Amino acid sequence: MLSLEMNKTSQEQFQRIVGQRVKLAREDVQLSQDELASQLGFNDRQTLSSIEAGKRKLSAEELVKLIQILGKKLEYFTDTFSLVGEGAFSWRAVGAAPASLDDFESKAGKWIATFRRLGEIKGEPYSPLSQKLALTERSTFEEAQAAGEALVSDWQLGEVPANRLRDVVEDRLKILVLYVDAPGGISGAACQLPQFNTILINRGEPDGRRNYDFAHEVFHILTWNAMPPRPYDRSDKIEGTKVKRVEQLANNFAAALLMPAKGLKLRWERRGDQDLHDWLNAAASEFQVTSDALYWRLRQLSWLTPAASLDINKDRLTWNGRSPSDQSKPKLFSRRFVERLHWALDRGEISVRRAAELLDCTVEELEELFKSYEMPVPFDL
């Protein structure tokens with residue numbers, strides 16, 4: 001009985017996705033429901049309206065007609081391992097070409113859709129609850145910082161929130177977190193779907209930058225409905241007059257979430273006569289942020305005066321005063337993602353070559369992915 005119910009649910013979800021894509025394709029060619037219904041031979045538009053709403057199945061003959069009329073391939077309507085007209089993305093990108101962003105968004109969409117589809121096959125329910133922050137565009141920067149500080153306490157993140165933030169976000173918010181190899185200029189992104197939200201982080205970024213980007217994207221996830229972020233945030237400054245206010249609020253929130261004032265104040269008061277550059281580099285490494293982010297956090301708190309900041313040599317803060325070779329690199333994707341993929345391959349729910357295609361890797365690289373998580377490889381080469 002459970003198996004039959006799961007199959008029924010999966011079929012209903014598939015029907016809904018096909019309907020959404022029919023509507024999107026129709027709008028692409030600027031046809032009304034009445035016009036397309038007539039070309040399909042329907043007596044009225046209500047039949048088409050039911051299809052687009054996911055309430056009625058398409059017959060094979062109707063699907064062939066749609067392909068011909070709307071000029072789309074079969075996969076456009078039926079491939080549930082891709083996002084078509086779904087998923088609102090917001091990218092943090094500096095210097096990335098628009099074409100590069102579009103290509104990578106398409107690739108990322110396949111990863112997210114694969115996770116969703118395999119979850120449907122496995123019968124894993126999505127959480128109907130979502131946590132939100134009571135902030136709007138009219139909120140002050142101080143209120144955004146207070147929200148970040150409050151979550152440190154509410155989520156029991158400890159003195160160094162970066163240590164537990166990812167695990168807590170995955171557990172409490174049921175967010176899919178993916179560490180990926182992104183083109184230059186792309187730091188990360190947030191993606192909103194009806195079923196779940198996703199945060200993508202470029203694992204090639206410096207340690208501290210990755211944590212800051214992650215906290216920034218958490219803000220967008222928690223305020224998406226009240227403050228929808230722009231598709232592309234091209235700012236690369238912690239503060240700046242050209243940054244949209246929503247991004248400024250996100251930056252203030254992220255800074256307070258990763259560098260709570262209470263723990264930071266103790267370290268600041270114990271600094272003594274230590275060289276400011278050395279202290280910034282050491283404290284930033286401890287909080288797992290960049291020295292530049294810590295510098296601006298001190299400015300936010302008014303602990304570092306504008307006059308004192310004139311003596312700062314930003315070159316001494318690069319890479320937190322260390323060598324780039326000292327930086328770590330997280331594993332590709334995430335354990336949650338790889339475990340679901342492993343289950344599907346082990347059960348024969350997806351072929352090895354199809355999985356490699358969706359992840360945009362070779363079969364050998366897919367094998368190495370499972371080994372990196374110390375999982376048995378669920379296929380033979």
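## Questions on a predicted model

Visitor: In which helix is threonine 78 found?
Guide: This is a predicted model, in which local features need pLDDT of at least 70, side-chain atom pairs count only at pLDDT 80 or more, and totals for chains, interfaces and linings use all residues. Residues are numbered from 1 along each chain as its sequence is written, and side-chain values use heavy atoms, with hydrogens and water left out. Helices (H or I, at least four residues) and strands (E, at least two) are DSSP runs numbered from the N terminus. Threonine 78 belongs to residues 74-78, which form helix H5.

Visitor: Which residues is threonine 78 in contact with, leaving aside its neighbours within four places in sequence?
Guide: Contact means heavy atoms within 4.5 Å. The C-alpha atoms of threonine 78 and leucine 63 are separated by 9.8 Å. With sequence neighbours within four places left aside, the contacts of threonine 78 are Phe14, Arg21 and Leu63.

Visitor: Is arginine 21 buried or exposed?
Guide: Buried means under 20% relative accessible area, exposed over 50%, and partly exposed in between (1.4 Å probe, protein chains only). Threonine 78, at 26%, is partly exposed. Arginine 21 has 0% relative accessibility, so it counts as buried.

Visitor: Which residue meets arginine 21 in a salt bridge?
Guide: A salt bridge is a side-chain nitrogen of Lys or Arg within 4 Å of a carboxyl oxygen of Asp or Glu. For arginine 21 the N to O distance is 3.5 Å, and the partner is glutamate 86. Arginine 21 lies in helix H1 (residues 2-28) and its partner in the loop between H5 and strand S1 (88-93), so the pair ties together parts 65 residues apart in sequence.

Visitor: Where does glutamate 52, the salt-bridge partner of arginine 26, lie?
Guide: The side chains of arginine 26 and glutamate 52 meet at 2.6 Å, N to O. The two are 26 residues apart, with arginine 26 in helix H1 and glutamate 52 in helix H3 (residues 45-52).

Visitor: What is the bridge partner of leucine 178 in S4?
Guide: Two strands pair if DSSP finds at least two bridges between them. S2 and strand S4 (residues 197-202) pair in the parallel sense over 5 bridges. Within S4, leucine 178 is partnered by leucine 200.

Visitor: Why is strand S2 largely enclosed by the rest of the structure?
Guide: Leu176, Leu178 and Val180 point one way from S2, while Val177 and Tyr179 point the other way. In a regular strand the side chains alternate between the two faces of the sheet. S2 (residues 176-180) is largely enclosed because its buried residues number 5 of the 5.

Visitor: Which helix gives the most to the lining of the largest pocket?
Guide: On a 1 Å grid over the protein atoms alone, a pocket is an open set of points where a 1.4 Å probe fits, with protein on both sides within 12 Å along at least five of seven lines; lining residues have an atom within 4 Å of a point. Of its 41 lining residues, Pro206, Asp207, Gly208, Arg209 and Thr290 are closest to the centre. With 7 residues, the helix that gives the most is H9.
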